Amino acid sequence: MNAPFQFHYCILSAMTFFPCLGALLLMTLPRGAFRAARWVAFGASLAPAMLAARMLIGFDAVGGGFQFVTKIPWIPSISVDYHVGV
């Protein structure tokens, strides 16, 4: 039985890929759209910073082991997983 979705399972992935999505969005902007580019870059930087603050609040420094862990099978035929954690 699957556990209910909890946001802290994907927080590290979101922190990793928000800047990548921001970069892709920046590439779609027309040349000379400096103001829009600044706002996109700001948003792509602010999102991971806020997620990091959320992680800091939820981090259990006393408990041992990894926290905020995401483990997803990527290429099951050769046992490759996407696995991140703090």
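Here are some notes on this predicted model, going from the overall layout down to single residues.

1. **Ground rules.** Since this is a predicted model, local features need pLDDT of at least 70 and side-chain atom pairs count only at pLDDT 80 or more, while totals for chains, interfaces and linings use all residues. Residues are numbered from 1 along each chain as its sequence is written, and side-chain values use heavy atoms, with hydrogens and water left out.

2. **Layout.** The protein has 2 helices and 2 strands, and along the sequence they come in the order α-α-β-β. Helices here are DSSP runs of H or I with at least four residues, strands are runs of E with at least two, and both are numbered from the N terminus.

3. **Burial and surface.** Of the 86 residues, 16% count as buried. The bands are under 20% relative accessible area for buried, over 50% for exposed, and partly exposed in between, using a 1.4 Å probe and protein chains only. The protein exposes about 6,800 Å², and carbon and sulfur atoms supply 71% of that area. Accessible areas come from the Shrake-Rupley method with a 1.4 Å probe; for residues, only the protein chains shown count as cover.

4. **Contacts along the chain.** Take the contacts between residues at least 6 apart in sequence: 45% of them join residues at least 24 apart. A contact means heavy atoms within 4.5 Å.

5. **Helix α1, length and kink.** Helix α1 covers residues 11-28, and at 1.5 Å a residue its 18 residues should span 26 Å; the end C-alpha atoms are 26 Å apart, so the two agree. The expected span is 1.5 Å times one less than the number of residues. There is still a kink of about 30° at F17, shortly before the proline P19. That bend is the angle between axes fitted to the seven residues ending at a position and the seven starting there.

6. **Helix α1, what it packs on.** The buried residues of α1 are I11, L12, S13, A14 and G22. As a set, the buried residues of this helix pack against α2 (34-58), β1 (70-75) and β2 (80-84).

7. **The salt bridge.** How many salt bridges does the rule give? The count comes to 1, where the rule asks for a side-chain nitrogen of Lys or Arg within 4 Å of a carboxyl oxygen of Asp or Glu. The partners are K71 and D81, at 3.6 Å from N to O. This pair links distant parts of the chain, with K71 in strand β1 and D81 in strand β2, 10 residues apart. K71 is exposed at 53% relative accessible area, whereas D81 is partly exposed at 35%. As background, side chains of opposite charge can pair when their charged atoms come close.

8. **Aromatic pairs.** There are 2 aromatic pairs. Rings of Phe, Tyr and Trp (its six-membered ring) pair if their centres lie within 6.5 Å; planes under 30 degrees apart count as stacked, over 60 as edge-to-face, and the rest as tilted. The rings of F17 and Y82 have centres 6.4 Å apart and planes at 35°, so this pair is tilted. It ties F17 in helix α1 to Y82 in strand β2, 65 residues apart. F17 is partly exposed at 42%, and Y82 is partly exposed at 24%. W39 and F42 make an edge-to-face pair, 5.9 Å centre to centre with 90° between the planes. Both lie in helix α2, 3 residues apart, about one turn of the helix. An α-helix has 3.6 residues a turn, so residues three or four places apart point the same way. W39 is exposed at 57%, while F42 is partly exposed at 46%.

9. **The loop between α2 and β1.** F68 lies in this loop and has a positive phi near 55° despite not being a glycine. Is F68 buried or exposed? With a relative accessible area of 7%, F68 is buried. V69 is in the loop between α2 and β1 too, and V69 is partly exposed at 27%. V69 and G85 are 16 residues apart in sequence, yet 4.2 Å apart in space, C-alpha to C-alpha.

10. **The loop between β1 and β2.** S79 sits in this loop and has a positive phi of about 60°, although it is not a glycine. S79 is exposed, with 64% relative accessibility.
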